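This briefing covers a ligand site and the nonpolar cores of one structure. Please look at the sequence and the model before reading on.

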Amino acid sequence: MNRENNRNFLEGKKYNIITFGCQMNEHDSETIAGMLEEEGCRQVLTKEESDITIINTCSIRENADKRFFGTLGQLKKIKEKNPSYMACVCGCMMQQQHVIDTIHEKYPWVDIIFGTHNIDRFPELLERAYMEQASVMEVLADTSHIAEGLPAKRLYQHKSFVNIMYGCNNFCTYCIVPYTRGREKSRAPEDILQEIETLVRDGVREVTLLGQNVNSYKGEDAEGRRWDFSDLIYRINAIDGLQRIRFMTSHPKDLSDKLIQAYVDCDKLCNYIHLPVQSGSSRVLKRMNRRYDRQRYLDLVQRLRRAVPEITISTDIIVGFPGETEEDFEDTLDLVNQVQYDSAFTFLYSVRKGTPAEKFEDQIPEDVKHARFERLVEAVNEASSKKNAAYVGRIEKVLVEGVSKKNEATLTGRTEGFKLVDFAGSRDLIGQMVDVEITEGKTFSLSGKIVEK
Ligand code: SAH
Ligand code: SF4
Ligand code: F3S
């Protein structure tokens, strides 16, 4: 393609990106922003100010779908005022035919539709849409190709997401991700290491390695050697200048002893794990196709805590999965009380088109789901409050992330265990590691004061 030509079309254009969904999507949006900036575009904060709006969609639960169509509807008015305005949609929803059909039927004025497997093609699609004054759609079913070397406009200067793999092979029966992100593909270890080294030279202190199931990372280097996830962690731990390593998400069925050992051996690997349990009932876990049972999960937690007593643990839990009985639900409550999570994301089960659980006949009535949800949230919050209260008086290393939305004079940051802390301090500490004495533990965060050296 003639990039000069492209530059003519895109130079000086103002864009904004609206992102729904998980860290994968957030990071894809950073890449889209990076590519547009390379073409001479400039980011603005609202869709009303922009020439190009990109909505990066998520399909994980029904309310994500609803929010998308609500936002999409608003773009029509902008387009009516500004005929050269480009309304672009991408992300997980675009990988589903029924969504594409709805867009064609009800929102035919959308200019560009692309999917999760070809975000690298966006600048070219945009150029085509401008040149041909016609709408453009390109969605690939799946691909083994991994686009390397794409630019990214980072949301934070001092921390960054790094994809280590794409897709998912697990097919949990409730989940849409294997259909929207395709099969597992691991990046080559050299590409990952090189990216992190470049980020560190650019001031990044903390990386979060991303994958739907990082424990099943299978990289192959130029010499044909196979790397597993722990091999990668040990090697990243040796990068000078990097201070913290995190990862998401870790599937309990594949969490190895070797990874637990990596927590002990690797000083930069934060003592924190997000370990989604989904349910505390072995019967439900089996129907979810999670491939571990309650006991195996509890054993894992125990092994982690034995090896790393300080480790903080968070989780995801689904309430009201088809066939969940009161007894199954009580097993979940009981597991939450036993594990005492530092935090937990709780979700009402949401039927997803095309997943096996959509066909399960014993769907749970909404009122029952909601009542259980309330009880679960109460148990989860009680544990989080207790855990956080125990931090009072401790001194924690905090990477300063920014100023609080509520108060300009308050800084916020994260402890090694991923707890959010607020404390008074000056803006020039952003991006630095400071010692903070914890003075208060709340349900979802901590407060503290900087320890003067
Ligand atoms: N790959 C990650 C999860 C990604 S999705 C993992 O396996 O841990 C994030 C969370 O959304 C899941 O852990 C699950 O709790 C929730 N989720 C996924 N599909 C859902 C559905 N259909 N209804 C409700 N919650 C769902
Ligand atoms: Fe979905 Fe399960 Fe894959 Fe996670 S592991 S993305 S929940 S199918
Ligand atoms: Fe949503 Fe896709 Fe992530 S469905 S949760 S944006 S992988």
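Leaving aside its neighbours within four places in sequence, which residues is cysteine 172 in contact with? In this predicted model, those residues are His251, Met288, Asn289 and Arg290.

**Ligand 2**
- Around ligand 2 lie Cys168, Asn170, Phe171, Cys172, Tyr174, Cys175, Val177, Pro178, Gln212, His251 and Arg290.
- Sorted by class, this shell holds seven nonpolar, three polar and one charged residues.
- An unreviewed UniProt entry lists Cys168, Cys172 and Cys175 under "binding site".

- Cysteine 172 sits in the loop between strand S8 (165-166) and helix H6 (177-181).
- Its relative accessible area is 7%, so cysteine 172 is buried.
- Cysteine 175 is also found in the loop between S8 and H6.
- Cysteine 175 counts as buried because its relative accessibility is 13%, under the 20% limit.
- Apart from neighbours within four places in sequence, cysteine 175 is in contact with Ile60 and Thr355.

**Nonpolar cores**
- The largest nonpolar core comprises 66 residues, and Ile196, Leu209, Ile233 and Phe247 have the most contacts inside it.
- Domain 2 (154-262) and domain 3 (271-390) each contribute at least three residues to this core.
- Isoleucine 196 is in contact with Val162, Val207, Leu209, Ile236, Ile239 and Leu242, leaving aside its neighbours within four places in sequence.
- Another core, of 22 residues, lies apart from the largest one and includes Tyr15, Ile17, Leu36 and Ile112.

Key: Residues numbered from 1 in each chain as written. Chains lettered and ligands numbered in written order. Predicted model: local features only at pLDDT ≥ 70, side-chain atom pairs only at ≥ 80, totals over all residues. Heavy atoms only, no water. Near = heavy atom within 4 Å. Nonpolar A, V, L, I, M, F, W, Y, C, P; charged D, E, K, R; others polar. UniProt positions renumbered as here; feature names shortened; annotations may be inferred. Helix = DSSP H or I, 4+ residues; strand = E, 2+ residues; numbered from the N terminus. Buried < 20%, exposed > 50% of the residue type's maximum accessible area, 1.4 Å probe, protein only. Contact = heavy atoms within 4.5 Å. Core = buried A, V, L, I, M, F, W, Y, C linked by side-chain atoms within 4.5 Å. Domains from an automatic or database assignment.
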